[in-house]
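Student: Hi! I'd like to go through this model with you, one topic at a time. Ready when you are.
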Amino acid sequence: MWSGLRIAGDAFKITILKPQKAYGTRWLPHHESAITAVLRDYPALVQHLGEVSVNGSTQATKESAQKLTKALKNIRFVAFLHFMDEYLTLMSSLSRVFQSNDSTVDCVKSRVESISSRLSQLASSEVLKKLMHTGMIHIDDEVVQYKGVSLEAGRRGRGERHTPTVDSLIRQAVDDCLSICIGTQDQLRDRFSSFLVNKVLNAATMFEYRNWPENEDLETYGDSEVKEVYLHFKKRLDKDGNMKETIMQWLEIKKYIRRQYGKKYVKFHDMWSKAMKEDEPEGRFKLIFRIVRLIMVIPIHTAECERGFSLMGNIKNDWRSRLTSDTVTALMTIKLSEEAVDKYDPSNAIMEWWAAGKQHRRPGTKPYGPRCKDDTSLQESNENSDSDSCNE
């Protein structure tokens with residue numbers, strides 16, 4: 001099958017990549033890649049399936065190829081593919097945001113807003129018709145070609161008096177896609193309403209450096225948001241400070257970070273982690289950093305937890321079922337750590353190993369077992385043996 005598809009691609013001068021299995025997976029980028037591949041390799045796929053439907057090795061293979069060919073040549077199916085290509089591109093981008101460990105509240109909010117805006121544009125009959133006619137060439141009222149392949153209207157369905165036309169099939173596809181767009185918008189509003197209307201989550205977006213204004217507006221930027229977050233966590237934050245001191249530190253930390261980075265873009269977690277590490281000796285910004293820590297631990301996604309469960313299954317499998325919990329934990333920690341080997345500082349691990357022994361560790365002590373004699377001891381032993389022979 002694969003070799004035949006590659007030969008068909010060569011005939012159409014199309015570079016065919018080996019198709020991926022998209023069924024059985026819930027990850028949207030897999031489905032996006034599958035639909036993109038179908039639209040890209042469409043003429044080669046139709047040609048290959050047509051040959052398999054005639055020259056297939058078994059009757060079941062022939063019937064399966066015939067059904068797939070019929071579906072690929074259907075006008076409504078091709079029109080719907082173009083919509084799904086656009087739709088899954090949008091939804092996959094949202095999925096990737098939740099898969100990234102660097103995602104923040106601002107990332108999720110801006111992505112949801114942009115997707116909702118694009119879905120509102122798609123929820124128009126004229127826009128959908130234009131999208132679905134992409135690449136289609138109307139020969140006449142009944143004949144339509146897509147990438148050199150003549151499409152079919154299909155048979156008349158049950159309850160239908162007339163054979164469907166091109167326009168009627170497009171209208172049906174448009175109605176289906178309109179309901180998908182409207183339904184997805186409703187689901188996005190229900191699912192992410194907290195990111196759109198919650199005052200604390202909206203206030204968290206002002207800690208994203210790319211949202212900061214120019215110098216003249218930077219002094220007052222985020223003051224009301226800091227107050228909003230402070231009032232929400234007032235009982236916890238009042239133990240070590242007050243709101244006025246926190247606002248003053250917020251003003252100072254903004255100027256400090258702006259001097260460091262200027263107009264350079266920096267990731268949210270990298271910027272604040274570095275700033276907190278540099279401030280550890282002095283504790284100059286400890287009050288505002290308490291708010292930053294609260295923002296950083298807001299759970300954006302559970303992708304890391306899912307990766308952990310998957311990794312645990314890979315480490316402790318049927319062939320390594322006797323691993324202890326401590327060993328599994330240590331191996332998972334190493335695997336999940338994002339720090340590169342060349343940047344890793346082993347000092348803490350070495351000190352922990354040094355202090356964990358039952359006896360005091362001595363770096364100058366030679367290992368146990370038979371030891372080689374050095375040159376001095378060998379010379380002394382030779383002199384003793386010579387003196388003993390002379391006495392005899």
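Student: Good to know. What does Arg118 form a salt bridge with?
Tutor: With Glu86, and the closest N and O atoms are 3.0 Å apart. A salt bridge here is a side-chain nitrogen of Lys or Arg within 4 Å of a carboxyl oxygen of Asp or Glu. The pair links distant parts of the chain, 32 residues apart: Arg118 sits in helix 6 (residues 105–122) and Glu86 in helix 5 (residues 75–99). Glu86 is partly exposed too, at 24% relative accessibility.

Student: How many salt bridges does the structure hold?
Tutor: There are 12. One of them joins Arg210 and Asp106, with the closest N and O atoms 3.4 Å apart. Those two are 104 residues apart, with Arg210 in the loop between helix 10 (199–204) and helix 11 (215–218), and Asp106 in helix 6.

Student: And is Asp106 buried or exposed?
Tutor: Asp106 is buried, since its relative accessible area is 10%. Arg210 has 40%, so Arg210 is partly exposed.

Student: Where does Glu208 sit relative to Met271 in space?
Tutor: Their C-alpha atoms are 9.4 Å apart, while the two residues are 63 apart in sequence. Met271 belongs to helix 15 (residues 268–278) and is buried, because its relative accessibility is 1%.

Student: What does Met271 touch?
Tutor: Leaving out residues up to four places away in sequence, Met271 touches Phe207, Tyr209, Ile257, Tyr261 and Val266. Contact means heavy atoms within 4.5 Å.

Student: What about Lys254, buried or exposed?
Tutor: Buried, as its relative accessible area is 0%. Lys254 lies in helix 14 (residues 243–261).

Student: Let's switch to backbone angles. Which residue has a positive phi although it is not a glycine?
Tutor: Lys147, with a phi of about 55°. Most residues other than glycine have a negative phi. Lys147 is in the loop between strand 2 (144–146) and strand 3 (149–151), and is partly exposed at 40%.

Student: How many helices and strands does the protein have?
Tutor: It has 20 helices and three strands. They are DSSP runs numbered from the N terminus: H or I of at least four residues for helices, E of at least two for strands.

Student: How many disulfides are there?
Tutor: Zero, counting a pair of cysteine sulfur atoms within 2.5 Å as a disulfide. Cys181, for example, has its nearest cysteine sulfur, that of Cys177, 6.7 Å away. Cys181 is buried, with a relative accessible area of 0%.

Student: Last topic: what is the average pLDDT?
Tutor: The protein averages 81, and 81% of the residues score at least 70. pLDDT is the predictor's confidence in each residue, from 0 to 100. Over residues 388–392 it is below 50, and that stretch has zero contacts in the model beyond near neighbours in sequence. Where pLDDT is low, the predicted coordinates should not be read in detail.

Conventions. Residues are numbered from 1 along each chain as its sequence is written. This is a predicted model: local features need pLDDT of at least 70, side-chain atom pairs count only at pLDDT 80 or more; totals for chains, interfaces and linings use all residues. Side-chain values use heavy atoms; hydrogens and water are left out. Buried means under 20% relative accessible area, exposed over 50%, partly exposed in between (1.4 Å probe, protein chains only).
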